[in-house]
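I opened this notebook to record what I looked up in one model. The entries follow the order in which I took up each topic.

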Amino acid sequence: MDWLFPSGFKYPPDFHIPSLTGQPLFHLGPLSYTNAHLTMAIVIVILAGLAWLVTRNLRDRPTGLQNAIEMLVQGLDDFVVSIGGAGSRKYLPLFGTLFLFIVFSNWLSVIPFVGQIEFLHSPTADYHINFGMALIAWLAYQTEGFKHLKLEYPKRWFNVSGFKDGPFIGGIFILVGIIELFSEMFRLLTLTLRLWGNVLGGEIMLVVMSGLLFVPGLALPFVGLEVFIGLVQGLVFALLVLMYFVLAIESHDEEHEEGSHTDTDRVPSPEQHPASQAA
């Protein structure tokens, strides 16, 4: 058996577990540039290069890569509209960017050597990068909420209108607002940890199963599972951000619930206005 195990047989084998965060490659004063940042830059270059290849010679009758990308964009557009109506189409650039970046980053975790060598670390396996994406999305939809509802927007957290029905009802309104405010803040944490935990856990699972099964090729079914999970996690993150945008522009006030903000963002269907269509 020595020819099978020249370095000696050991079971279970030693596992190289990926680090919980990116490892610094160099420092610029108090700031550090990590291998997760480097891999993130690689993902950005890949996506930007793909966009350039598709758009450099656009055709009226797309074929090949242009056809595939247009089908992808159309599918994402239809998905966004189905969730938030036609008015939510303006959120498609952010939704699509988050989705594609996260999916490509997640899929890097199943590529050999990513997470195993010093210079490569999946961006979404570093909670700092995930928190950065969550923070940008959080600030964006808070800004959108203030833009649409103006001073009505903070009423979902600081609503004193219940005091007109008595101090007890007013106190309940205040308590509910505080709970909603904490829930709003915890979205940053849940967005970050859900993505980080799934990607890092998948990397660890692949390493462990590859070692326990002796032959790394036997872990291929688990690679397929991780590819699927990476796709789902990218969709979940982007979908939650889209839903937060839709919820942010909805007023808690009865006047707004009946009218102007969300309804005007939607494109009326022919069934709603048959007379105008006939004219």
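By what are Arg-187 and Glu-184 separated in helix H5? I found that they lie three residues apart in that helix, which means about one helical turn. Their side chains meet in a salt bridge at 3.0 Å, N to O; I took the term as a side-chain nitrogen of Lys or Arg within 4 Å of a carboxyl oxygen of Asp or Glu. Both Arg-187 and Glu-184 are buried (buried means under 20% relative accessible area, exposed over 50%, partly exposed in between, with a 1.4 Å probe and protein chains only).

I noted that the model is predicted: local features need pLDDT of at least 70, side-chain atom pairs count only at pLDDT 80 or more, and totals for chains, interfaces and linings use all residues. Residues are numbered from 1 along each chain as its sequence is written, and side-chain values use heavy atoms, without hydrogens and water.

I looked up the other salt bridges next. The structure holds four salt bridges. Among them, Arg-89 pairs with Asp-77, with the closest N and O atoms 2.7 Å apart. Arg-89 sits in the loop between H2 and helix H3 (92-108) and Asp-77 in helix H2, so the pair ties together parts 12 residues apart in sequence. Arg-89 is partly exposed at 40% relative accessible area, whereas Asp-77 is buried at 9%.

I also recorded Glu-152 with Lys-155, whose closest N and O atoms are 3.4 Å apart. Glu-152 is partly exposed at 26%, and Lys-155 is partly exposed at 37%.

Terms used: Helices (H or I, at least four residues) and strands (E, at least two) are DSSP runs, numbered from the N terminus.
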